[in-house]
Amino acid sequence: MSDPTHPTLDTLICATAGSVDDGKSTLIGRILLDARALMRDQLAHIEEVSARRGFSRTELALVTDGLRAEREQGITIDAAWRYFATPRRRFVLADTPGHVQYTRNMVTGASQADAAIVLIDAERGLTEQTRRHLAITALLRVPVVFVVVNKMDRVAFDEVRFEALAADARRHVEALPWETRLRFIPVCALDGDNVVERSTRMPWYDGPAVLESLETVRVAPSRLGAGVLPVAWVIRPQREDFATFRGLAGRLVGGGLAVGDRVLVAPGMLESTVTRIDRHVTGALGGQASAESGESIVVSLADDVDAGRGAYVVQGAALPEGLELRQSVTLDVAWLTTRPARAGMRLWLKHQSRRVQAKLVGVTHRLDVSTGATTATDELKLNDLGRLQVVLGEPILATAYAQDRALGSALLVDPADGETVAATMLVTDAG
Amino acid sequence: MSCKLNAVKVGANLHLRRLEDEAIHVFREACAERERPALLFSGGKDSIVLLRLAEKAFRPGRFPFPLLHVDTGQNFDEVLAFRDAKVAELGERLIVAKVEDSIARGTVQDETGPRASRNRLQSVTLLEAVDEHRFDVLFGGARRDEDRARAKERIVSVRDELGQWEPSKQRPELWQVLNLHVRSGQHLRVFPISNWTELDVWQYIADEDLALPSIYFAHERAVFERGRMIYGVTDAMQPGPGEVPFRTSVRFRTVGDATCTGAVRSTASTLDEVIAEIIAADVTERGATRADDQFSEAAMEDRKREGYF
């Protein structure tokens with residue numbers, strides 16, 4: 001089955017959004033079942049529970065809805081992660097809830113996703129919830145969004161109905177302030193049409209089935225074009241054999257980094273040169289000549305520059321375009337706590353490994369997720385999407401979220417209880 | 001089956017490196033932001049992987065945490081011997097918290113009856129160790145592929161004073177940015193290998209050439225059948241009426257307390273043979289070998305709410 005000419009793609013993290021009513025859990029259960037990703041004891045378990053509860057057929061939703069409350073209420077409350085592989089690719093499926101009160105869990109799934117599946121019930125059409133799902137995947141800039149129009153059997157596999165729903169979804173995202181591209185797949189999850197196998201009942205659709213779409217989708221790299229190492233930990237061993245060793249440890253984002261590269265260390269903006277890169281420091285010599293984005297590495301520099309936790313090592317003699325030290329920021333946010341966002345609020349902002357004081361100086365607007373319209377307001381409530389103006393106690397080295405998801409994102413944390421109150425995405429004049 | 005094996009091997013290295021990148025990042029972030037972490041080390045394969053990841057995160061420095069083992073007093077001898085040898089090799093500090101001490105203190109009582117196990121008692125001993133040493137982070141080797149409830153747990157999981165997990169109130173976990181703040185009285189369970197599967201763990205052990213306790217490989221031992229499980233005969237685990245011991249070739253897929261850890265029939269005596277068996281397996285790791293998860297539909301969730309790992 002394995003095709004040696006097909007390049008190996010990185011693992012795809014795919015978030016799924018929709019409610020049980022849209023058939024989301026059925027779709028996931030069907031993918032796992034048909035990709036043979038369910039083990040015998042897992043299948044036996046859901047068959048047994050289905051029978052005990054008097055369901056007429058095996059309830060595939062039981063595969064993902066693992067919590068007691070979810071089974072009792074027949075809904076998805078929290079994200080669940082499932083792992084499976086086909087001969088072409090490995091997958092992580094983050095199954096996220098549809099209900100508005102669990103928005104934080106959907107934002108969790110979408111923030112980490114390379115692709116998203118948003119379900120629409122072909123009979124019911126776009127609901128308030130669907131519009132919300134599309135808005136959140138757009139806000140979080142999930143690189144690829146598949147809109148799966150499910151229950152096509154209920155509309156007699158009608159192409160006209162499918163196209164009308166697709167047009168409706170497209171109009172909705174075009175009204176939103178963020179650029180996003182949708183791809184549409186007509187499906188009947190219960191029978192498996194266009195899930196793993198292409199359907200014979202919808203000859204008018206010539207695109208790939210859901211699984212094939214996921215297997216072949218490519219995720220574009222960061223647009224930053226320079227490696228940035230947010231320093232998470234400084235390794236300074238108290239050992240004779242490493243007496244002079246000082247390693248800056250962190251996870252590289254934005255681009256690559258190589259031994260010999262000139263670097264700038266922010267926020268002090270001191271220049272130096274990379275002398276050594278390791279994934280595992282074991283001896284007197286460095287382990288590798290270069291590293292790529294995503295790698296957790298230890299970097300040694302030629303000069304003893306000031307670079308503790310929260311510093312950034314940036315590839316190049318000058319900062320790449322868009323990346324700047326910023327102390328006053330405009331943030332698009334998903335507000336995730338019951339305490340409303342209001343001007344004057346004091347919080348912490350966590351950007352990569354750097355934590356700084358933050359003061360909310362203004363609420364710009366709230367977004368109406370059904371129309372895409374913005375309304376001026378002075379507060380954001382739980383599960384609102386909107387825009388804030390924030391002033392920071394110290395600068396962060398950040399770029400627009402549209403340019404780089406890692407260096408453009410941050411958390412807002414309430415110092416009173418340590419809870420995450422918002423997912424935030426930096427907006428700049430450039431995007 | 002052979003084509004499945006090939007498929008999994010293609011690009012496996014890149015895939016494991018990505019998982020390793022994430023786990024190392026989690027270790028460094030948690031240790032940088034919290035004061036008193038500890039790593040739960042049982043001598044089991046998942047915690048052995050954690051130790052290698054910690055080496056990559058912090059060497060040539062010392063680990064910024066001690067290792068903690070909750071000893072039920074009913075562990076496999078081979079695993080305890082392995083544990084001590086590994087600690088000596090690393091030159092790190094090990095703290096052993098004993099369920100027997102909790103029993104002596106009167107904070108827990110041994111269960112009685114044919115299915116008596118100290119598995120649940122471990123939670124109390126663990127929380128007592130958290131109090132005594134004022135740990136604010138416990139690193140553990142739990143994986144989301146193990147169980148329906150684990151599939152829902154965050155990498156950074158907040159526990160209250162009683163060690164309880166509240167699944168409906170979990171923190172959002174956004175991008176790769178971890179929020180490691182705690183209120184007084186809370187502590188964190190941090191799972192660096194949340195996104196690994198059983199197969200990933202075994203392939204990593206092979207790639208990194210990590211040593212494992214001998215009971216992970218096929219060996220002949222005295223066993224008996226109970227329910228759908230096969231158990232090794234040990235001091236704490238004796239066959240009951242009608243349960244006839246016999247000798248056969250088995251290996252263990254997990255190495256928890258001997259009273260609730262079942263064996264699987266196997267002749268796989270090398271890493272490659274074990275990996276081949278796992279690829280061909282059609283039953284999950286916990287489903288095959290953990291009696292503690294067979295009591296109810298939400299057994300793991302219920303134990304986690306009580307502070308279980």
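Residues are numbered from 1 along each chain as its sequence is written, while chains are lettered from A and ligands numbered from 1 in the order in which they are written. Because the model is predicted, local features need pLDDT of at least 70 and side-chain atom pairs count only at pLDDT 80 or more, whereas totals for chains, interfaces and linings use all residues.

**View 1. Overview of chain B.** Chain B holds 10 helices and 10 strands. Helices (H or I, at least four residues) and strands (E, at least two) are DSSP runs, numbered from the N terminus. Of the 309 residues in chain B, 50% are buried, with 20 or more other C-beta atoms within 10 Å of their own, C-beta atoms being placed from the backbone.

**View 2. The open sheet of chain B.** Six strands form this sheet in the order 3-2-1-4-6-5, with mixed pairing; two strands pair if DSSP finds at least two bridges between them. Strand 3 (94-98) and strand 5 (156-159) of chain B are the edges, each pairing on one side only. From one strand to the next, the twist averages 30°. Strand 4 (residues 137-139) and strand 6 (residues 187-190) of chain B pair in the parallel sense over 3 bridges. Phe139(B) has Val190(B) in strand 6 as its bridge partner.

**View 3. Helix 3 against helix 7 of chain B.** Helix 3 (residues 45-58) and helix 7 (residues 198-208) of chain B pack at about 50°, their axes 10 Å apart. Axes are lines fitted to C-alpha atoms, for helices over the stretch in contact, and angles run from 0 to 180 degrees between N-to-C directions. The angle therefore makes helix 3 of chain B oblique to helix 7 of chain B. Angles under 35 degrees count as roughly parallel, over 145 as roughly antiparallel, 65 to 115 as roughly perpendicular and the rest as oblique. Lys45(B), Asp46(B), Val49(B) and Arg52(B) of helix 3 meet Val201(B), Tyr204(B), Ile205(B) and Glu208(B) of helix 7; contact means C-beta atoms, placed from the backbone, within 7 Å.

**View 4. Helix 7 against helix 8 of chain B.** Helix 7 and helix 8 (residues 271-280) of chain B pack at about 165°, with axes 10 Å apart. Helix 7 of chain B is therefore roughly antiparallel to helix 8 of chain B. Helix 7 contributes residues including Leu199(B), Trp202(B) and Ile205(B). Among those from helix 8 are Val274(B), Ile275(B) and Ile278(B).

Notes. Buried ≥ 20, exposed ≤ 12 C-beta atoms within 10 Å, placed from the backbone. Contact = placed C-beta atoms within 7 Å.
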